[in-house]
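The following paragraphs lead the reader through a protein model step by step. Please keep the sequence and the structure in view while reading.

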Amino acid sequence: MNIKYLFPFLILTILVSACSKQTITTEDEYKAVDLPDGSIVFLNQYSELEYVESFNERKVAIKGECYFSIVESDKPFTVQGELGIVEVLGTEFNLKSDSENMEVEVEEGEVSLSVESKSEKVARGQMASYDKGNKSIKTGKAPMSFKKWMSKMTIELKKFDQEFNKEIKELEKIVKDKSKEADKEAKKVGKELEDVGKQIGKSLKKITN
């Protein structure tokens, strides 16, 4: 086959790979996601996070509620909600987004909330919310209501960590016991082979004599 005919297929494969999307969803559980740039996203229950796997542009899309811990970079980080976007450079904030409302609470740093032609900067300890019905962005002090579900998530993750460590210890014990059994069996087989060798030696001695 002429190699020039392979180029379109190779280019298509590269494009598909670069554009492949990662979609993470939650039901009645919480999830923590490490993004390729080192940022971390914590998903509340019944939420969704989506991003392009290559992550050349720091962009994600969400539905539901997510808490973001964004590493600083010269590239802005953009979160696409169902009604608008939040843009940051490096900060921590919580974002709730559905088809009717969008609300951001800032834990650290500063973000910009943009919906249609409206835009508001939101600083640490502040919140901004957009209501589709009123078509306006309201700002004020953040109640930090997200900390309730974050606390629940922390407890569940600790439980998971404890259960995981328990399972690891049980597996280590099984492996250790199996290793002891294997060593014991190996010694037994070794002794049996040694005895057989001695017996063969005795037999050969009798034959040669």
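Helices and strands are runs assigned by DSSP, a helix having at least four residues and a strand at least two, and they are numbered from the N terminus. In this predicted model, the chain has two helices and 13 strands. Helix 2 covers residues 146-208, and Ile 168 lies within this helix.

The strands may be approached through strand 12, which spans residues 126-131 and pairs with strand 9, residues 101-108. Five bridges connect strand 9 and strand 12 in the antiparallel sense.

Together, strand 12 and strand 13 form a hairpin with four residues between them. In the turn, Lys 135 has a positive phi of about 55°.

Attention may now return to helix 2, where Ile 168 is found. Is Ile 168 buried or partly exposed? Ile 168 counts as partly exposed because its relative accessibility is 31%. With Leu 171 and Ile 174, Ile 168 makes a nonpolar surface patch of about 260 Å².

Finally, the chain may be considered as a whole. Of its 209 residues, 26% are buried. The chain exposes about 14,400 Å², of which carbon and sulfur atoms supply 55%. Among contacts between residues at least 6 apart in sequence, 34% join residues at least 24 apart.

Key. Residues numbered from 1 in each chain as written. Predicted model: local features only at pLDDT ≥ 70, side-chain atom pairs only at ≥ 80, totals over all residues. Heavy atoms only, no water. Pairing = 2+ DSSP bridges. Patch = residues over 30% accessible without salt bridge, like charges linked within 9 Å, V, L, I, M, F, W, Y side chains within 5 Å. Areas by Shrake-Rupley, 256 points an atom, 1.4 Å probe, with all protein chains shown as cover. Salt bridge = Lys/Arg side-chain N within 4 Å of Asp/Glu carboxyl O. Buried < 20%, exposed > 50% of the residue type's maximum accessible area, 1.4 Å probe, protein only. Contact = heavy atoms within 4.5 Å.
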